[in-house]
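Reader: Hey, I'm new to this one. Could you show it to me and take a few questions?

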Amino acid sequence: MPVFLYNTMSRSLETFQPMQGNEVGLYSCGPTVYNYAHIGNLRTFLFEDLLKRTLQVSGFTVNHVMNITDVGHLTGDGDEGEDKIEKMANQTHKTVWEIAQFYTDAFFNDYDALNLIRPKVVCKATDHIQQMIDLIKRLEDGGHTYVSGGNVYFSIDSIPDYGKLARLDLSSLQTAVREDVQADDNKKNSKDFVLWFTKSKHGEQAMMWDSPWGRGFPGWHIECSAMSMYYLGESFDIHCGGIDAIPVHHTNEIAQSEAATGKEWVKYWMHGEFLLDETGKMSKSKGEFLTLSLLKSKGFDPMDYRYFCLGGHYRSQLKFSFEALETAKTARSNVYDRIRRMLAAGAKNTSLDGEKALEYKNAFLEHIQHDLNSPRALADLWGVLKDDTLSIDEKYSLAMFFDQVFGLGLQTIEKPEEESFPEEALALLQKRVEAKKEKNWALADSLRSELDAMGFMVKDSPAGSSLEKKM
Ligand code: AMP
Ligand code: ZN
C-alpha cells in the first residue's frame, strides 16, 4: 500500500517514494538546549516519531538524523539578540557547556518517557563546526556570501528562488528592508542572514572557534544544512520540524544548501502544527510553561500525553487543556485495562489471517498511510477492542500491530499476577453460593445479574463458582 504524505513544498499530498530503494533519509531539527522542552515542542517530536513508525511499519528503513542546537540560536530569528544558551548561562552563573549538557539530558528523559524511538544519529552543533566552515567556504567560492561588520552573510539575491518553501512575496519584503535596517544595518537585504558571527551584539561569548573569517560562532541555519548533508548526503528524502520553522529557518536552510550544491536538497518537507494553550501559542518566554514533568507531577502518565496528541492530526492545531488530557488519560487507561484482561484470559500474539482481522489491519494501514491520520487509526483500535466477533487472540494481535505505530507501550503491558476482585463482588458471589445451596434459584439469578452489571461474569463449574472480568 502506498504512503501518502503532505509535502509543504508542493502544498499537496504526494505518494512517498524514497530516492534509494527502501532506505529513507530523514532529518529533523532538534531542540535548542537552553531550557526544558515545553509540551508544544514535544508535540513536534511526537509527530516525527509517528512519521518514522509509519514508514517503518510500511516496510521502509529509516535513517533518522537529529541535531542538538547547542550554539548559534539567537533569541531573535532575524540574527538579532543573543545566543539563547549564553543568555541562560549568564543568568544562572553556569557554563554554557553545563547548560547544554543539563538540558540535553532533560530532553532525552522526556524523549524516552514518551517512548520516542531515538534517532540513528544525534549530532551536536558544537561537534561539527568544521563541516559548517567548509560549507560556508563553498558558498563563498560560489559568490553567495559577503562580509560586513565582521560577520559573514548569505546573500539571498545571489539565488533565483529564495523563499520558495514559504512562498514569500519578495516584493513586499523590500518594505521590510527599511524597517529592519536598524536590527542589523550590515545586511544588504533584510532577509540576508548570518552564516558566521564574529561580532555579536554582546561582544565576546564563551563558545567561539577560529575560522577563515575570524574567531566566532556559526549561525543557527548553517548547522542543520552542514550536519544533515554530512550524515545523509547532499540530497535526502524528508526534512521535518515545527510549522514555525518554515518562513525563516527552513527557508534559509534551503537557500544555502541548494546554493552550495546546485541541486534539489530535500524531496519532502513536513511540518507539525502547533499545540496551543489557553492563551494561544505556547512559549518559553512566558515564564512558567507546561513541561512533561509538570504533567507527571499532576498525576498524568507520559503515555496520556502521547494518546492526547494522537487524537489530533499533526497538521491541525491542537488545543491543550487539563480536561482534554484527563479524557485522554481515561481512554488510555481503558485500553491498558482491556489489554490486561486479554492477557489474563491467555491472549497470544498470533499471525493475522482471519478475514475480519485483515480488514481491520488494512483499514488501519490505509488511515495511517494517508498522511498519518492518527485520529482515524485510534478509532480503528477502538473498533477492534469493541468487536466481539473477533477472537481474543485477534484483538490482542491487532492491538500489538497498531502499537508499532502508536507507541503507547501496549507491548510492555504484562499479564496481571492474579485476578483481584472487589470485596463487594466477592460477597455477592458468596451470597449466590448460599442461595444455590438453598435452591433459591430466583435469588441466585438476580445476584448473577447484579454481578453482571458490575462487569463480572459468574462461572459455575463442578469445582464451584468463580468470577471473571468481562471483556
Ligand atoms: P526549539 O527547541 O525551540 O528549537 O523547538 C523545538 C521544536 O518545537 C521546533 O521544531 C519547533 O518548531 C517546535 N515548536 C515550538 N513551539 C511549538 C508549539 N507550540 N507546538 C508545537 N511545536 C512547537
Ligand atoms: Zn534546523
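Reader: So how much of the protein counts as buried?
Author: Of its 471 residues, 54% count as buried, meaning under 20% relative accessible area with a 1.4 Å probe, protein chains only. This is a predicted model, where local features need pLDDT of at least 70, side-chain atom pairs count only at pLDDT 80 or more, and totals for chains, interfaces and linings use all residues. Residues are numbered from 1 along each chain as its sequence is written, chains are lettered from A and ligands numbered from 1 in the order written, and side-chain values use heavy atoms, without hydrogens or water.

Reader: OK, what holds the zinc ion (ligand 2)?
Author: Cys 29 (SG), Cys 224 (SG), His 249 (NE2) and Glu 253 (OE) coordinate the zinc ion (ligand 2) at 2.1 to 2.4 Å. Donors here are N, O and S atoms within 2.8 Å of the metal (3.2 Å for Na, K and Ca), and water is not among the atoms, so sites may look incomplete.

Reader: And how are those donor residues spaced in sequence?
Author: The pattern is C-x194-C-x24-H-x3-E. Cys 29 sits in the loop between β3 (23-28) and α1 (39-57), and Cys 224 in helix α6 (residues 220-232), so the pair ties together parts 195 residues apart in sequence. Helices (H or I, at least four residues) and strands (E, at least two) are DSSP runs, numbered from the N terminus.

Reader: Are Cys 29 and Cys 224 buried or exposed?
Author: Both Cys 29 and Cys 224 are buried.

Reader: Switching topic, how many helices and strands are there?
Author: The protein has 15 helices and 16 strands. Its C-alpha atoms fill a box of roughly 100 × 50 × 35 Å, taken along the principal axes.

Key
Buried < 20%, exposed > 50% of the residue type's maximum accessible area, 1.4 Å probe, protein only.
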